[in-house]
Structure formats: C-alpha cells, structure tokens
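Student: Hi! I'm new to this one, could you walk me through a bit of it?
Tutor: Happy to, let's open it up.

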Amino acid sequence: MFPYKDASLTVAERVRDLLSRMTLEEKAGQLNQLPTRDERLQARIAAGELGSVLFADSAFAGNDKQARVMVGQVNELQKLAVEGSRLGIPLICARDVIHGHTTVAPIPLGQAATWNPPLAKGAQENAARECSADGIRWAFSPMMDIARDPRWGRIAEGFGEDPYLASAFAAASVRGFQSDALPPEERVAACAKHYVGYGAAEGGRDYNTTEITPTTMWNTYLPPFKAAVEAGAMTIMSAFHEVDGIPLAAHKHWLNTVLREHLGFTGAVVTDWGSIYQLIPHGVAGDDAEAALLAILAGNDMDMCTELFYRNLPTLVRTGKLPLAVLDTAVARLLTVKFTLGLFESPYTDPARAARVQSIPAHREAALHFARQSLVLLQNRNNVLPIKEPNTGILLCGPMADMRGILHGTWCLDGDERHTTTLKEAMERLKPEAFKLTHVGLIDDAVKLARWNNTCVIALGESSGRSGEDNCTTTLELPAGQIEQVAAIHAMGIPIIAIVFCGRALALERLCQLADTVIIAWHPGTAGGIPAAEAVYGLLNPSGKLPVTFPRNSGQVPLYYNHKPTGRPVPTKNRYHSRYIDALDSPLFPFGYGMSLTTFAFTALEVDKSSAKVGETINVSVTVTNTGDRTGDTVAQLYLRDPVATISRPVRELKGFRRITLSPGESQTVTFPIGPEELGFYTADGIWCVEPGLFQVWVGDSSEAPLSTQVTLVPATTV
Ligand code: GLC
C-alpha cells in the first residue's frame with residue numbers, strides 16, 4: 001500500500017508521499033474546480049484534471065434555481081476520481097450551503113438579529129448533517145462581509161454592520177459545519193468568505209471598487225475572518241473586488257502576509273467564481289498565464305471555474321516563472337483538507353443517509369426556534385399587539401401573505417418548500433377560536449372589507465430575488481405599490497400590523513407613519529410565516545435586535561452606528577455639522593434596537609474598579625429587570641468609546657452582549673469583562689494597541705443606550 005493510503009500515518013506524512021508521486025499536471029489538476037455544468041466533467045475527473053466539483057450550474061447560484069444535489073450523482077463522479085484516475089485522489093464536492101440545505105434557517109442577517117450565536121452553530125450543524133448526506137463536504141459558508149450599505153444585495157448573506165457581532169456569528173457558524181458533535185463523515189469544511197472587505201463596494205454596487213484604509217480594514221472588515229480562523233475554518237474564499245488597486249485574487253499583502261503570516265491561517269484559499277480570469281478586466285494581468293501566476297503567488301490555492309491554474313501552472317513551473325515549492329504548497333493545503341475530512345478512507349456517501357435526513361423534524365424545530373428569535377418588533381403604537389379579544393375581525397392582505405419559497409431568502413439552493421408555511425396558512429392554523437380571519441389577495445377587496453374588520457395585518461417586503469448577489473437597489477423603499485396599499489387601508493381607519501419580509505435594512509419612515517405595529521421578519525427560511533403569525537396572536541413575544549441600522553431614507557446610507565465623530569460631532573445644536581438639510585441626522589431605528597411586549601430597565605451600572613493598568617481587566621456589571629407584565633427576552637449590550645487616542649475612534653463600539661430571559665419582575669445582573677481585547681484597536685500596520693486614558697462605557701438594549709459610566713486605563717509601568 002502506498003504510504004498516502006495508510007491512515008495510520010500523519011496527514012503531513014501522507015501529503016508528502018502523495019505529492020512525491022504526482023506529475024505537474026496532476027498537481028495543477030488538484031487546484032482545479034469545475035461546476036457540474038461542465039459537459040466534459042466525467043472524462044476530466046477520470047483523467048485527474050480536477051480536484052473539486054462545484055455543484056452549481058450558474059455563477060449566480062444564489063438566485064438561479066439549481067438542480068438538487070443527488071447523492072447518486074456525487075458518488076458516480078467520486079467513483080471516476082477514486083477508481084478511474086491514476087492516483088485515486090478523491091474529489092471534494094462543494095455547494096453554497098449558506099443558511100441551510102433542505103431545512104432552511106433564517107437568512108444570516110436574520111440570524112444575527114437573534115444575537116444568539118449558539119443557534120447559528122446548531123443550524124450549521126444541521127446543514128452539515130443534511131448536505132454531507134448528499135455528498136457535499138465543502139460549504140461555501142459562512143459569509144461574514146461587514147455591510148454598511150443596504151443597497152448591496154448581499155447584506156442579506158452576512159451578519160450586518162458590526163464586526164464584534166459578526167465575529168461571534170462567524171465563529172459559531174464555522175464551529176457548526178466542522179463540529180466535534182458531528183460524526184467525522186458528517187463534518188463539512190467551512191469557507192469564510194469573501195476575504196476581505198467585499199461589503200465596502202462603493203455605492204453598494206456589487207463587485208465595485210472599494211476604498212478601505214488599512215485601519216478600517218483591520219478594525220472593521222478583518223475581525224470576523226480573524227474569528228473564523230481562530231474557530232478553525234478549514235478554507236477561506238478570496239473576493240472579487242480590489243483594494244487599493246489590487247484585486248483580492250492577486251493581493252499578496254492581505255492574503256500571504258496578513259491572512260497567513262499575521263492571522264496564522266494554514267488552510268486552503270479558494271478564489272471566487274472566475275476571479276482569476278477577472279484579473280485581466282481588472283487591468284492587473286495581461287493574459288491568462290499572468291493572471292494564474294499572480295493568483296497563486298498571492299496565496300490562492302484552488303481556482304474556481306476558470307481553469308487558468310490547470311492550463312498554465314505546469315508551464316509556469318517548467319519555464320521557471322513559478323517555483324515548484326509554491327505549487328506544492330497549494331496542493332498540500334488542499335490535500336490536507338481532503339485527508340482531514342477522511343475522504344481518502346470514505347470517499348462515498350451511503351445513499352441511505354440521504355433518505356434519512358431529507359426531513360428531520362428536529363431540524364425544522366430548530367429552524368423555527370431560530371426564526372422566532374430573529375423577529376424584530378420596530379414599533380407597536382397604541383399597543384395594537386397582541387390583538388385583544390373581543391377584537392375579533394382580522395383582515396389579512398398584502399403581496400407576501402401567500403408567499404412560500406420566497407420566504408427562504410436568497411442563496412437557498414436545496415430548500416424543501418413542502419415544509420414551509422405561508423403567513424396565511426400560519427394565521428389560519430394558529431387562529432384563536434374567537435377570532436375571525438379574512439384573507440384577500442387584492443388590495444381593493446381589502447379596502448372594501450376593512451370597515452367590517454377590527455385589525456388589518458398586511459404582509460409586505462421584498463422578493464428573495466431582490467436580495468443577494470448582483471441584486472443591488474438604488475432605493476431602500478418598499479417595492480413599488482406597497483406603501484400605496486398600506487395608505488389605502490390606513491384611510492379606512494383601522495389599526496394596521498405590518499409584517500415585513502426582507503433581506504436588507506429598508507427605509508420604512510412612511511410605513512411607520514401609516515402602520516401602528518411594524519415587525520421585521522427577514523426571510524425566515526423553512527419557518528415561513530409561523531413566527532409572525534405567533535406574534536400577531538400574542539403567542540410569541542418578539543425579541544430580535546437589529547444587526548444593521550435602519551435609515552429614514554435611501555439618501556442617508558451608508559449610515560452605521562459605529563461611525564467616527566468627525567470634527568463636528570452629532571447630535572449638536574450647531575449649524576455646521578455632517579448632516580443632510582432635508583432629513584434628521586438620526587436613523588429611523590438604530591443598530592441593536594428592537595422592542596418587546598414587555599419592558600426592561602437597565603440599572604446599577606457599576607465597575608469593579610474605576611481605573612486599571614493597561615493589560616488588566618475591569619468588570620462592568622448592570623442589573624436588568626423585566627418591568628412589564630409578561631416574560632420576554634432582551635439583549636444586554638455593552639458599548640465602549642475611546643474618546644482620545646492616537647487615531648480617531650468610533651463614537652461607540654459593541655464589545656459585549658448577552659441575551660437573557662426574564663419573567664415579570666425578575667432581575668438579573670449581567671457582568672462584562674473589559675480587557676485588552678475590548679479596549680484596544682489595530683493600527684494601520686495591524687498592531688493591536690491599547691492606550692492609557694479614559695474610556696466611556698454604555699450598557700443597554702441598543703446602540704443608543706443612555707446608561708453610562710467611565711473607566712480609566714493607566715500605563716502598565718505606572719509606579
Ligand atoms: C458566487 C459567489 C460566492 C459563491 C460562488 C460559488 O459568485 O460570489 O459567494 O460561493 O460564486 O457559487
């Protein structure tokens with residue numbers, strides 16, 4: 001038996017042995033990933049010309065309906081590699097399993113609204129259990145791009161505007177896919193993407209140029225990837241865009257220097273679809289060979305769907321332009337992933353597993369629990385919620401009331417709609433006996449019936465097709481015609497509960513004027529309309545908190561809470577400051593905001609010491625009390641500010657959060673340690689810096705929490 005087939009050896013020993021037996025073409029083949037739509041796929045696999053198959057028949061998989069992954073097809077392709085090719089190196093089969101496989105979790109932006117990362121871990125464990133049963137062992141997930149501009153359609157796919165919150169969800173998601181709680185054959189290689197700064201696209205236009213200073217890159221866009229690396233992410237995907245004139249597919253600094261040397265990432269980097277070839281239209285490569293050379297020298301290992309590695313690297317080595325060691329390093333990284341996943345020992349997937357996991361009730365229950373916690377109550381004027389008896393006539397209308405698959409959200413390729421409930425179905429199924437529910441599809445019928453009902457529930461929002469990759473909008477207003485429908489109902493004088501299904505922050509100022517109650521349900525996944533219906537009937541007390549700022553109007557963006565103070569800070573009575581003359585400075589709803597049907601008080605904000613040396617930890621504690629009449633969840637959020645530092649620091653930064661459940665009258669003291677990790681910042685060179693001086697501290701239930709104190713750091717060497 002060749003040593004590389006001997007599972008008793010270490011992965012490194014097996015990689016070394018296998019490398020020594022491979023030709024240049026076979027090495028380049030391992031760096032080659034092709035989509036299932038390639039018409040010569042079988043022949044090429046048998047010839048050892050590719051190391052991975054991407055199960056996607058479109059480059060915009062997030063929105064184009066895809067053929068379901070079938071484990072039989074995967075096993076057939078695997079058989080060609082394992083039994084047909086010379087060295088029998090198994091394929092690693094990849095798919096965009098972003099927020100679920102057949103069971104669909106809320107979109108990641110909705111997941112972040114729960115402020116409950118352990119639920120994300122559980123959801124990705126379930127996704128791994130499901131997709132690995134179909135033979136998928138590489139999920140191009142989690143996406144963790146910080147997004148400050150909701151015009152960008154891919155804001156749906158990430159965890160919002162804050163690096164601290166996004167880092168917690170990124171790490172939890174990675175740990176879910178690669179979980180020790182899963183048997184080895186169910187573990188899936190996570191892929192932290194899109195490295196790095198993709199969400200900073202100018203104008204919120206996908207793939208566009210970004211202008212990211214080094215300190216902003218280090219302090220805003222990089223932290224989730226640092227967290228993913230520390231969580232053990234096996235792979236990372238480099239992004240399409242360019243930073244400071246260099247596309248990430250050719251960016252030696254951010255890949256080799258920062259990702260590998262500074263962050264210590266040892267896994268494999270895959271380029272995004274076509275991005276090696278795109279170095280040519282980017283204007284940094286003159287031809288295919290130059291593009292391939294730039295990409296591999298920068299630190300990319302797997303070539304997604306251009307074949308430029310396969311076609312050019314052997315010649316580049318033979319002509320001395322590419323050191324063999326660089327090629328071998330890339331191949332070793334990918335072989336290490338395959339050995340670690342156990343693909344050499346168990347390349348095939350037992351088809352019986354696929355049948356077992358197609359619909360696991362526990363997965364659906366978990367997805368429903370996740371979606372329940374993601375619901376954000378933005379307003380509840382006149383306490384319309386929960387609907388009270390004998391107020392019994394409910395009129396349900398609006399374009400999203402009867403939608404099913406749309407509620408899965410963008411980047412959902414294998415979601416099983418059979419288990420997804422529409423809002424209409426949920427409201428019919430959950431309706432309390434005394435209530436009368438009337439659903440009408442047309443707004444003119446709804447207007448006519450309004451006067452005979454006590455409350456109108458109107459279901460609004462975006463199609464999943466208006467969200468995700470290559471779906472950027474110039475406006476954040478609700479889609480055409482929806483506000484007019486609300487206005488028509490409003491004119492009939494009955495209370496309105498608006499349920500908004502969406503994949504981004506929207507500009508809802510007009511809706512909030514017309515509707516009494518406004519709930520953000522995101523795109524909730526398999527749970528569909530159940531959580532929203534439960535909230536309408538008072539069966540669910542909403543507890544979500546916004547992971548992204550909701551502006552008053554589209555012209556305000558980019559608008560985010562952790563902004564710099566500028567030389568003319570707001571709020572201010574002074575005339576000359578950074579603002580628009582035609583709108584208030586503030587957002588409609590700030591980061592971290594979300595109401596409950598009960599109320600909470602934050603009191604007794606204390607620190608165990610008011611000053612400490614640099615490097616020491618201070619404990620901040622606060623008492624949270626449920627001052628209302630029903631049990632509810634809230635999220636205690638800790639924000640810090642360094643008002644005087646070497647560089648201008650944000651007016652507030654999230655540095656701790658804790659989701660808690662309190663019954664009426666119950667109090668709980670929450671303590672947050674603040675130490676170097678929380679008090680420091682990165683310099684432009686990526687040096688973590690903790691400076692002495694005063695720090696402001698806030699704790700509350702949004703980024704506008706008023707309860708504050710302060711602490712002082714003194715130099716560590718103070719005698
Ligand atoms: C897409 C996306 C990326 C995805 C890849 C494969 O263009 O940018 O997130 O994983 O291609 O579908």
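This is a predicted model: local features need pLDDT of at least 70, side-chain atom pairs count only at pLDDT 80 or more; totals for chains, interfaces and linings use all residues.

Student: Okay, how do α6 and α7 cross?
Tutor: Helix α6 covers residues 117–133 and helix α7 covers residues 163–177; their axes come within 7 Å and cross at roughly 30 degrees. Angles under 35 degrees count as roughly parallel, and therefore α6 and α7 are roughly parallel to each other.

Student: Is that crossing right-handed or left-handed?
Tutor: α6 passes α7 in a right-handed crossing.

Student: Which residues in α6 and α7 meet?
Tutor: On the α6 side they are P117, A120, K121, Q124, E125, A127 and A128, and they meet A168, F169, A172, S173, R175, G176 and F177 of α7. By class, that contact has eight nonpolar, three polar and three charged residues.

Student: Switching topic: which helices and strands supply at least two residues each to the lining of the second largest pocket?
Tutor: α7 is back here, joined by α9 (223–230), β21 (653–662) and α22 (676–679). α7 gives the most, with seven residues.

Student: And what volume does the second largest pocket have?
Tutor: About 630 Å³. It is lined by 24 residues, and Y164, S167, P223, K226 and E677 lie nearest its centre. The lining divides into 11 nonpolar, four polar and nine charged residues.

Student: What about the largest pocket, which residues lie nearest its centre?
Tutor: Those are L559, Y560, H563, V570 and D585, out of 27 lining residues. The largest pocket has a volume of about 880 Å³, and its lining has 13 nonpolar, seven polar and seven charged residues.

Definitions and conventions:
Residues are numbered from 1 along each chain as its sequence is written. Side-chain values use heavy atoms; hydrogens and water are left out. Axes are lines fitted to C-alpha atoms, for helices over the stretch in contact, and angles run from 0 to 180 degrees between N-to-C directions. Helices (H or I, at least four residues) and strands (E, at least two) are DSSP runs, numbered from the N terminus. Angles under 35 degrees count as roughly parallel, over 145 as roughly antiparallel, 65 to 115 as roughly perpendicular and the rest as oblique. A crossing is left-handed if the near helix is turned anticlockwise from the far one by less than a right angle, and right-handed if clockwise. Contact means heavy atoms within 4.5 Å. Ala, Val, Leu, Ile, Met, Phe, Trp, Tyr, Cys and Pro count as nonpolar, Asp, Glu, Lys and Arg as charged, and the others, Gly among them, as polar. On a 1 Å grid over the protein atoms alone, a cavity is a set of points where a 1.4 Å probe fits but cannot get out, and a pocket is an open set with protein on both sides within 12 Å along at least five of seven lines; lining residues have an atom within 4 Å of a point. Grid points are joined across faces, edges and corners, and a volume is the space filled by probe spheres set on the points.
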